[in-house]
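Visitor: I have not looked at this structure before. Please show it to me, and then I will ask about a few of its contacts.

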Amino acid sequence: MYRQGDVLIVPVADEAVPSHVPDAPKEPRDAKGRLVLALGEVTGHAHAVLGRGELVREPGPYGPFLLHLPEGGRVVHEEHAAIALPKGWFRVIRQREYVPGSVRLVAD
Amino acid sequence: MTITQENGTAAVAGGPEDAAGGDRAEETARWRASAVAAVPADRAAAEEGIRLAYRSAGLAGPERVVWAGSPREGVTLIRRGTDFGASVREAVRTAPWAAERRRLHEELGAAGWSRRWAETGGALWDATQALVDRIRAGVLDDLAEDDPAARTEIGLVLLDALLGQHDAPWLAALDTDGSPLAGPALVCRSAGWWWPFEKVAVVCERPVALHRDEAGRLDHGDGPALEFPDGFALCAWRGMPVTRAFLDELRTLTPERIRQEDNAELRRVMLEYYGYDRYLSDSGAQPLHRDGTGTLWRIALPDDEPVVMVEVLNSTPEPDGTHRTYWLRVPPATRTAREGVAWTFGLDAEVYEPLKET
C-alpha cells in the first residue's frame, strides 16, 4: 500500500474486483486529463493519477474509489512527493478523524 | 483534445467523447468558481441576465430591479414589498430547467444523463448545497429566532429564491449557451440569490468574504466564515456553526477555560483552535505510545471521554527541510500509534504497512 498525505492507495487482487466494476461508469478526468482521487476545495490541490487508467466510484467495502492502472502510473500532489504505482487494481481510502459521536474526513 | 506532457505518458485517448469531457471539466471548474465567488456583483450583467430570463419566458420583464446586500435583506424586502406582483419563478426558471433536463435526458439516455451529472453538477452539489442550507438557517435565525409563524413565512420565501451563484451545480449539468437557461446562467455568473416577480426582481449581492477548509466546509477562526456587504454573516469552525461571541473568546482561551466548557463539541473546537500541541505541553500530558507511525497522546477530561490523538510527521519535508507535524483524533480505546493511524484509514493495525509514504 502507498500513502500520500491523507490518501491511502491499497492494492486489490484482480480476482477480488467485483465483476460489475470493469463495465461500471468511469469517473471523468479533470481539465488537465488527470484522474483525481481527492480534490482540495480551497487550494485546488489534488491527489491525482497521471497515465492510462480508470477510476470507478464504488460505494461499499471497496469505496469510494477503485483505481485501475493497466500499465502502472504516478500519483502526484502539489505538496507531496510523487509516488510510482505498479500496474493493477487499487482501493483509494481517504483519511478520517474521530469526532465524538461521528467521524469526519481529513483534507490536507 | 490536447493532453499536455504534464500527464507524463500522455496516453489519454483523443476521441471526440474525451474532448467533450475535457471541455466539460474546464467548464465545471468555471461553474465551481462562480459558486464560491466572493466579489461584488456585476450588476449590469446580472440585470441583463434577469431581463433575458424574463424575455425567454415570454414575459415583459420587471419594471424595477431591486438590489439587496444579502439573502437576509432580500427576504426582508420581499416581506415588506406590496406591489411586486406574483412570483414568475416557474416561468423564468423552473419550466425551462425542467424542459432542458428532459431534452438532455432523452438525448443521453438514463446512463448518459447519470454520467453527465457525475461529471458536472454532482461534483459541486454537496459543498454548494451545504452552503445554501447554512445561509437559509442563518437568515431564519437572524430574522425570527423565536417566532414560529414568522419562521414558516420566511422559510417559504427562502425556498422560493433562485440561487444565482449557488445554482451553479445544476446549471453546470445542462446546456446554457443560447438555451432558455442563458438568463439564469448569466445571473449565476454575476450575482447572488434572486427572486423574480411580475413587476420587480429582487437580487442579492455576493458575499464579501468566504472562508472554507479543504473539504469545502465553512471554516474560520478569526471572524465570520461567510459575510455579506450588509453585515449578514455566519461563523463556523470546520463546518460547525458557532456564534460570534464564541469565536471572539477563542483568542483568549486558557487550558482552564477549555476544561470548564460543558459542551463537548465546543470544547473540541476550543482544543483545535488552541492547538493540541500547545494544550499537551501546557497540561503536561505524557505520550501513551510511540512507534514508527507516530506518537499516541491522551488528554483526560473531567466528565467526558478522553481525547486520544496520534501525532504524525508529514513524510514530505517542507522547503526548509523540517517535517510538518499534525494531530488526528482517534477513538478513545486506541492503544498504539500504529493502531491509531491505521484506524484513520479504516484498517487494522496489523495490515497497515505502507511501502511508500510522502
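**Rings, charges and helices**

Guide: In this predicted model, B:Arg278 lies over the face of B:Tyr274, 3.8 Å from the ring centre.

Visitor: Which residue lies over the face of B:Trp343?

Guide: The charge in this case comes from the other chain, A. At 3.9 Å from the ring centre of B:Trp343 lies A:Arg96.

Visitor: How many aromatic pairs are found over all chains, and what is the angle between the planes of A:Tyr98 and B:Trp343?

Guide: A search of the whole structure gives 8 aromatic pairs over all chains. A:Tyr98 and B:Trp343 form an edge-to-face pair, with 6.2 Å centre to centre. Planes over 60 degrees apart count as edge-to-face, and for these two rings the angle is 75°.

Visitor: Why does the pair join two chains?

Guide: A:Tyr98 belongs to strand β10 (residues 96-99) of chain A.

Visitor: Is A:Tyr98 buried or exposed?

Guide: Buried means under 20% relative accessible area. A:Tyr98 has 15% relative accessibility, so the residue counts as buried.

Visitor: Are helix α2 and helix α8 of chain B roughly parallel or roughly antiparallel?

Guide: The axes of α2 (residues 43-56) and α8 (residues 182-190) of chain B come within 7 Å and cross at roughly 160°. Angles over 145 degrees count as roughly antiparallel, so α2(B) is, relative to α8(B), roughly antiparallel.

Visitor: Which residues of α8(B) make the contact?

Guide: On the α2(B) side the contact includes B:Ala45 and B:Leu52. On the α8(B) side the residues are B:Ala182, B:Gly183, B:Pro184, B:Leu186, B:Val187 and B:Ser190.

Note on methods: Residues are numbered from 1 along each chain as its sequence is written. Chains are lettered from A and ligands numbered from 1 in the order in which they are written. This is a predicted model: local features need pLDDT of at least 70, side-chain atom pairs count only at pLDDT 80 or more; totals for chains, interfaces and linings use all residues. Side-chain values use heavy atoms; hydrogens and water are left out. Rings of Phe, Tyr and Trp (its six-membered ring) pair if their centres lie within 6.5 Å; planes under 30 degrees apart count as stacked, over 60 as edge-to-face and the rest as tilted. Helices (H or I, at least four residues) and strands (E, at least two) are DSSP runs, numbered from the N terminus. Buried means under 20% relative accessible area, exposed over 50%, partly exposed in between (1.4 Å probe, protein chains only). A charge sits over a ring if NZ of Lys or CZ of Arg is within 6 Å of the ring centre and within 35 degrees of the ring normal. Axes are lines fitted to C-alpha atoms, for helices over the stretch in contact, and angles run from 0 to 180 degrees between N-to-C directions. Angles under 35 degrees count as roughly parallel, over 145 as roughly antiparallel, 65 to 115 as roughly perpendicular and the rest as oblique. Contact means heavy atoms within 4.5 Å.
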